[in-house]
Amino acid sequence: MTDLPISRPTKADSVYDHLLKAIIEGTYAIKSKLPSEDRLARDMGVSRPVLRTALSRLRDDGIVVSQRGSGNFVARRPNQSVMKFVPLGSITDIQRCYEFRMDLESAAAKWAAKRRSEEDLAAMEAAYGEIDSSYMDQNLGVDADFKLHQAVAKASQNSNYVVVLDSLAEQVGFGMNLSRSLTLISSPDRNALVQKEHREIIDAIRAQDAEAAGHAMYMHLSNAWDRMFVGAEKP
C-alpha cells in the first residue's frame with residue numbers, strides 16, 4: 001500500500017486546532033463569548049482573514065455560533081475523550097478524510113445498489129455481524145468496520161473505488177479508531193445507532209435503491225464525524 005502524503009497544516013488549521021483544544025479543555029465554557037477577533041488574531045499572531053477561516057470552520061462544525069453585533073459564542077463542547085485518543089494536530093486530517101469519504105463512499109454505495117451480487121451482500125452482513133461481536137467483546141472492531149466499507153466499495157464493481165479506499169486505509173483507520181473508541185466508552189445507545197446506520201446502508205443496497213443507499217452512506221459518515229462532538233448543549 002502506498003501512503004498518501006499528508007499536507008502540512010495551514011495557519012488556519014493551527015488556529016482551528018488551538019481554539020478547539022481550548023473549548024474541549026473548558027478554557028471557553030459553553031455559551032461563553034470568545035474574545036474579540038482582534039484580540040484572538042493578535043494573541044495567536046495571525047491575520048484577521050486567517051482567524052476568520054478558522055472560526056468559519058468551527059461554525060460549520062456547530063462548535064461556535066456567531067451572533068450579529070455580539071460576537072462569537074461557544075455552542076457545544078466536543079467530548080473531552082477526543083484528546084485522549086488522538087493528538088491535537090491530527091483532528092484536521094481526520095476531518096478532511098471524513099469530508100472526502102462522504103462524497104467517495106456515497107457514490108460507491110449508489111453503484112453498489114445497482115450492481116451488488118449475493119456474494120457482496122453476504123460480505124456486508126458478515127462484517128456487520130463482526131462489528132456487533134466486537135462491541136459485545138468490548139473490542140474496537142475497526143477491522144470489521146473497514147471490512148463493511150470495503151464490501152460496499154467492491155459491490156460497486158468499479159475497482160477505482162476499491163483502490164482509493166484501500167489507499168486511504170491508514171487515514172480511514174485512524175478516524176475509525178477515534179470513532180470506535182468513543183463508542184466503546186459511551187452508552188450502548190450509541191453503538192445501536194451506528195449499527196442502525198450500517199443496516200440502512202445494507203438494506204438500501206439489497207433493495208437496489210441507489211438514491212437511498214447513497215444518502216444512507218453520506219449521512220452515516222456525516223453523523224460519525226458529528227458524533228465526535230457530542231455531549232454539549234447549544235445556547
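At what angle do helix α7 and helix α8 pack, and how far apart are their axes? The model is a predicted one, in which local features need pLDDT of at least 70 and side-chain atom pairs count only at pLDDT 80 or more, while totals for chains, interfaces and linings use all residues. Residues are numbered from 1 along each chain as its sequence is written, and side-chain values use heavy atoms, with hydrogens and water left out.

Two packed helices are described by the angle between their axes and the distance between the axes. Helices here are DSSP runs of H or I with at least four residues, strands are runs of E with at least two, and both are numbered from the N terminus. Axes are lines fitted to C-alpha atoms, for helices over the stretch in contact, and the angles run from 0 to 180 degrees between N-to-C directions. Helix α7 (residues 142-155) packs against helix α8 (residues 159-167) at about 155°, and their axes lie 8 Å apart. This angle makes α7 roughly antiparallel to α8; angles under 35 degrees count as roughly parallel, over 145 as roughly antiparallel, 65 to 115 as roughly perpendicular and the rest as oblique. The crossing of α7 past α8 is right-handed. A crossing is left-handed if the near helix is turned anticlockwise from the far one by less than a right angle, and right-handed if clockwise.

Contact means heavy atoms within 4.5 Å. On the side of α7, the contact with α8 is made by Phe146, His149, Gln150, Ala153 and Lys154, and on the side of α8 by Tyr161, Val162, Leu165 and Asp166. These residues divide into 5 nonpolar, 2 polar and 2 charged. In this classification, Ala, Val, Leu, Ile, Met, Phe, Trp, Tyr, Cys and Pro count as nonpolar, Asp, Glu, Lys and Arg as charged, and the others, Gly among them, as polar.

Helix α8 also packs against helix α9 (residues 169-184), at an angle of about 65° and with the axes 5 Å apart. Here Leu165, Asp166 and Ser167 of α8 meet Ala169, Gln171 and Val172 of α9. The residues of this contact comprise 3 nonpolar, 2 polar and 1 charged. Within α8, Tyr161, Val162, Leu165 and Ser167 are buried. Buried means under 20% relative accessible area, exposed over 50%, and partly exposed in between, with a 1.4 Å probe and protein chains only. The cover over the buried residues of α8 includes α5, α7 and α9.

Helix α5 also packs against α7, at an angle of about 55° and with the axes 7 Å apart. The two helices are therefore oblique to each other, and α5 passes α7 in a left-handed crossing. From α5, the contact takes in Arg101, Glu105, Ala108, Ala109, Trp111, Ala112 and Arg115, and from α7 His149, Val152, Ala153 and Ala155. Of the residues in this contact, 7 are nonpolar, 1 is polar and 3 are charged.

Ala113 is found in helix α5, which spans residues 91-115. With a relative accessibility of 0%, Ala113 counts as buried. Not counting residues up to four places away in sequence, Ala113 touches Ala204, Ile205, Gln208, Asp209, Ala210 and Ala213. The C-alpha atoms of Ala113 and Ile202 are separated by 8.9 Å, although these residues are 89 apart along the chain.

Gln208, one of the residues touched by Ala113, lies in the loop between α10 (188-206) and α11. Gln208 is not a glycine, yet it has a positive phi of about 60°; its relative accessible area of 46% makes it partly exposed. Lys31 is also a residue other than glycine with a positive phi, near 80°. Lys31 sits in the loop between α1 (11-24) and α2 (37-44), and at 45% relative accessibility it counts as partly exposed.

The hairpin of β1 and β2 has 3 residues between the strands, and in it Gly69 takes a positive phi near 80°. Strand β1 (residues 64-67) and strand β2 (residues 71-74) run antiparallel and are joined by 4 bridges; two strands pair if DSSP finds at least two bridges between them. Gly71 in β2 is the bridge partner of Gln67.
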